[in-house]
Amino acid sequence: MKPWLLIQTLAIKILAICLILEGTFTITGWLLFFGAGGFVVLHLLHPRLQGLCDVTSRFITDAPEVWLTIDDGPSPEDTPQILDLLDKYNAKATFFVVGEPAESHPELIRQVLARGHEIGTHTYTHPVASFWFAGASRTQSEVEKCHKLLQGLGANLRWFRAPVGIKNFWLRRTLREHGLHCVSWSIRSGDSFSRSPESVTSRILSKLRPGAILLLHEGSSLTESIRVHAIAQVLQALQERGYRCVLPGERAVNRLSTNGLRIRAGSNQA
Ligand SMILES: [Zn+2]
């Protein structure tokens with residue numbers, strides 16, 4: 001957790017206790033006391049809030065460019081088809097892969113890298129239900145195991161994505177130790193619950209803007225009508241609108257301050 005969130009939460013609780021003890025604003029005091037905890041939970045659960053660690057949810061550009069990110073692979077059925085599609089549309093993507101399937105299919109990781117795309121880390125076991133309350137050693141193990149495995153396969157790792165975007169209290173320290181930066185998204189495609197590639201594409205197009213980070217998935221958790229087909233339609237739609245899928249690199253860890261100056265994510269200048 002970042003110090004400012006801790007200090008802010010403690011300050012609200014102290015104010016709440018003062019109000020409760022003073023007796024005039026007792027209900028307000030109790031609301032503030034429990035609301036302060038809710039504020040922390042919000043930062044924990046919301047993929048784009050920065051209270052637990054620095055999170056990138058867009059990158060700086062004025063050009064029609066987006067960052068295509070594909071989670072939950074590698075998949076022996078989907079990944080090769082997706083790589084062919086990316087070649088067809090001259091698009092680049094970052095694959096946020098899970099350690100366990102990567103260990104079973106190391107050749108897919110090498111293929112992704114050999115064809116000019118990026119690998120990001122998405123934990124070793126993808127513990128969707130339990131990552132938010134994982135302790136220091138569990139968090140360390142999820143990140144470390146995946147990190148070592150992917151590095152051993154030749155990946156130059158820089159990006160981390162939390163399972164379903166939910167962070168935890170130990171993540172900031174663990175990511176710093178591994179030189180990783182947390183990446184969220186600007187547009188959730190909804191491919192995990194949509195019934196047709198058309199609805200996935202229209203959801204993305206309705207929010208499309210330069211610098212957006214698109215979240216899509218691969219693998220057997222998707223319905224057959226969505227798997228690969230949604231990515232194909234999205235790539236086609238982006239091309240028709242003149243958008244390119246790029247790897248933003250350094251542009252993903254900088255953001256614009258209110259006066260237009262570029263500052264590094266995590267700085268207190270904004
Ligand atoms: Zn995932």
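I take a salt bridge to be a side-chain nitrogen of Lys or Arg within 4 Å of a carboxyl oxygen of Asp or Glu. The model is predicted, so I note that local features need pLDDT of at least 70, side-chain atom pairs count only at pLDDT 80 or more, and totals for chains, interfaces and linings use all residues. Residues are numbered from 1 along each chain as its sequence is written, and side-chain values use heavy atoms, with hydrogens and water left out.

**Entry 1: domains**

I looked up the division of the chain and found domain 1 (3–45) and domain 2 (55–254), with bounds from an automatic or database domain assignment. Their centres, taken over C-alpha atoms, are 36 Å apart. I found five residues of domain 1 in contact (heavy atoms within 4.5 Å) with seven residues of domain 2. Between domain 1 and domain 2 I count zero salt bridges.

**Entry 2: salt bridges**

Glu65 pairs with Arg244, the closest N and O atoms being 3.3 Å apart. I record Arg244 in strand 9 (residues 244–245) and Glu65 in strand 2 (residues 65–71), so the pair ties together parts 179 residues apart in sequence; strands are DSSP runs (E, at least two residues), numbered from the N terminus.

I classed accessibility by relative accessible area: buried under 20%, exposed over 50%, partly exposed in between (1.4 Å probe, protein chains only). Arg244 is exposed at 52%, whereas Glu65 is buried at 9%.

Glu65 also forms a salt bridge with Arg251 (2.8 Å, N to O). Arg251 is partly exposed at 27%.

Terms used
Helices (H or I, at least four residues) and strands (E, at least two) are DSSP runs, numbered from the N terminus.
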